[in-house]
Amino acid sequence: MNHFALRLNNFLQGRYGTAFATHFKYEDTSSGPQNLAVWTGTYFINDMKYGEGSASTKKAAKEAAAQKTIEMLEAEGNDVPPS
């Protein structure tokens, strides 16, 4: 199993050090009926929206959003090492 949220967290800690938490935030929301909820997670880095992902669970939505964020960071030329 890929751990995209862990990889992203490690990358951000490496880039920003102990102040990394002030440079990013993660938000999640749900929609639909409770028994069929769709969760959407979004990462922001320095107040800029990066990856967004949706899934049937909060954890899967967070992983999808982290994967998308890593893809965007790598497209910008950043090297996000595997966990």
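Over the face of which ring does K25 lie? K25 lies over the face of F44, at 5.2 Å from the ring centre. A charge counts as over a ring when NZ of Lys or CZ of Arg is within 6 Å of the ring centre and within 35 degrees of the ring normal. K62 also meets this rule: K62 lies over the face of Y26, at 5.2 Å from the ring centre.

The model is predicted, with local features requiring pLDDT of at least 70, side-chain atom pairs pLDDT 80 or more, and totals for chains, interfaces and linings using all residues. Residues are numbered from 1 along each chain as its sequence is written, and side-chain values use heavy atoms, with hydrogens and water left out.

Aromatic pairs were assigned next. Rings of Phe, Tyr and Trp (its six-membered ring) pair if their centres lie within 6.5 Å; planes under 30 degrees apart are stacked, over 60 edge-to-face, and the rest tilted. The count is 3 aromatic pairs. The centres of F20 and F24 are 5.7 Å apart and the planes are at 15 degrees, so this pair is stacked. Y26 and Y43 form a tilted pair, with 4.8 Å between centres and 50 degrees between planes. Y26 belongs to strand β1 (residues 24-31) and Y43 to strand β2 (residues 38-45), so the pair ties together parts that are 17 residues apart in sequence. Strands (E, at least two residues) and helices (H or I, at least four) are DSSP runs, numbered from the N terminus. F20, F24, Y26 and Y43 form one aromatic cluster.

Buried means under 20% relative accessible area, exposed over 50%, and partly exposed in between (1.4 Å probe, protein chains only). Y43 is buried at 3%. F20 is buried at 16%. Y26 is partly exposed at 21%.

Helix packing was examined in turn. The axes of helix α1 (residues 4-16) and helix α2 (residues 58-75) come within 7 Å and cross at roughly 45 degrees. Axes are lines fitted to C-alpha atoms, for helices over the stretch in contact, with angles from 0 to 180 degrees between N-to-C directions. The two helices are therefore oblique to each other; angles under 35 degrees are roughly parallel, over 145 roughly antiparallel, 65 to 115 roughly perpendicular, and the rest oblique. Contact (heavy atoms within 4.5 Å) involves residues of α1 including F4, L8 and F11, and residues of α2 including K62, A66 and I70.

E71 is also found in α2. E71 is partly exposed at 39%.
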